[in-house]
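Student: I'm new to this one. Can we walk through it together, a piece at a time?
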Amino acid sequence: MHYGYIGSMKVKPGHRAEVVAVLVAGAHALRTAGCHLYIVTESATDEDTVWVSEVWESKEHQAASLQLPEVKASISKVMPLLTGEFTRQETRVAGGLGI
């Protein structure tokens with residue numbers, strides 16, 4: 001069963017589009033790291049919240065991806081734009097469309 005991760009992050013006011021752009025731009029590097037699905041979404045009800053949904057081959061693949069140069073660069077770009085408020089949920093992916 002694949003590993004799933006759903007997380008949210010609060011951005012500083014006025015920076016959501018910038019954070020989304022950085023996260024989306026870095027997505028291409030994840031496929032070779034074992035990522036099957038990576039979706040960045042903007043909250044429809046909160047101007048300062050970004051959601052990221054991921055499906056990975058395993059939890060270990062997701063953890064290892066954090067060491068990729070592209071991922072490290074994306075994280076360093078967005079961290080100053082975030083408030084430090086995060087949520088996260090780990091899941092076991094049973095299946096669905098797009099996986």
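Student: Leaving aside neighbours within four places in sequence, which residues is Tyr-38 in contact with?
Tutor: Keep in mind that this is a predicted model. In it, Tyr-38 is in contact with Leu-23, Ala-27, Leu-30, Val-52, Ser-53 and Glu-54.

Student: Where is Tyr-38 found?
Tutor: Tyr-38 lies in strand E2, which covers residues 35-42.

Student: And how far are the C-alpha atoms of Tyr-38 and Val-52 separated?
Tutor: By 7.1 Å. Along the chain, Tyr-38 and Val-52 are 14 residues apart.

Student: Let's go to Gly-34. Where does Gly-34 sit?
Tutor: Gly-34 is in the loop between H1 and E2.

Student: Is Gly-34 buried or exposed?
Tutor: Buried. Its relative accessible area is 15%, and the cut-off for buried is under 20%, so Gly-34 falls in that class.

Student: What does Gly-34 touch, not counting residues up to four places away in sequence?
Tutor: Four residues: Val-55, Trp-56, Glu-57 and His-61.

Student: How far apart in space are Gly-34 and Glu-60?
Tutor: They are 9.4 Å apart, C-alpha to C-alpha. In sequence, 26 residues separate Gly-34 and Glu-60.

Student: New topic. How many helices and strands are in the chain?
Tutor: Three helices and four strands. Read along the sequence, they follow the pattern β-α-β-β-α-α-β.

Student: At what angle do H1 and H3 pack?
Tutor: At about 175 degrees. H1 is residues 16-25, H3 is residues 69-78, and their axes are 9 Å apart.

Student: Parallel or antiparallel?
Tutor: Roughly antiparallel. Angles over 145 degrees count that way, so the H1 and H3 pair qualifies.

Student: Which residues make the contact?
Tutor: From H1, Val-19, Val-22 and Leu-23. From H3, Ser-74, Lys-77 and Val-78.

Student: How do the residues of that contact divide?
Tutor: Into four nonpolar, one polar and one charged.

Student: What about Glu-47? Buried or exposed?
Tutor: Exposed, at 60% relative accessibility. Glu-47 is in the loop between E2 and strand E3, residues 49-56. From Ile-6, Glu-47 is 18 Å away in space, C-alpha to C-alpha, and 41 residues away in sequence.

Student: Now the whole chain. What radius of gyration does the chain have?
Tutor: It has 13 Å. A compact globule of 99 residues would be near 13 Å, so the value agrees.

Student: What does the C-alpha trace span?
Tutor: About 40 × 30 × 20 Å along its principal axes.

Student: How many of the 99 residues count as buried?
Tutor: 35% of them.

Student: And the accessible surface?
Tutor: About 6,100 Å², with 58% of that belonging to carbon and sulfur atoms.

Student: One last thing. What share of the contacts with a separation of 6 or more comes from residues 24 or more positions apart?
Tutor: 72% in this chain.

Key: Residues numbered from 1 in each chain as written. Predicted model: local features only at pLDDT ≥ 70, side-chain atom pairs only at ≥ 80, totals over all residues. Heavy atoms only, no water. Axes fitted to C-alpha atoms, helices over the stretch in contact; angles between N-to-C directions. Helix = DSSP H or I, 4+ residues; strand = E, 2+ residues; numbered from the N terminus. Parallel < 35°, antiparallel > 145°, perpendicular 65-115°, else oblique. Contact = heavy atoms within 4.5 Å. Nonpolar A, V, L, I, M, F, W, Y, C, P; charged D, E, K, R; others polar. Rg over C-alpha atoms; globule rule 2.2 N^0.38 Å. Buried < 20%, exposed > 50% of the residue type's maximum accessible area, 1.4 Å probe, protein only. Areas by Shrake-Rupley, 256 points an atom, 1.4 Å probe, with all protein chains shown as cover.
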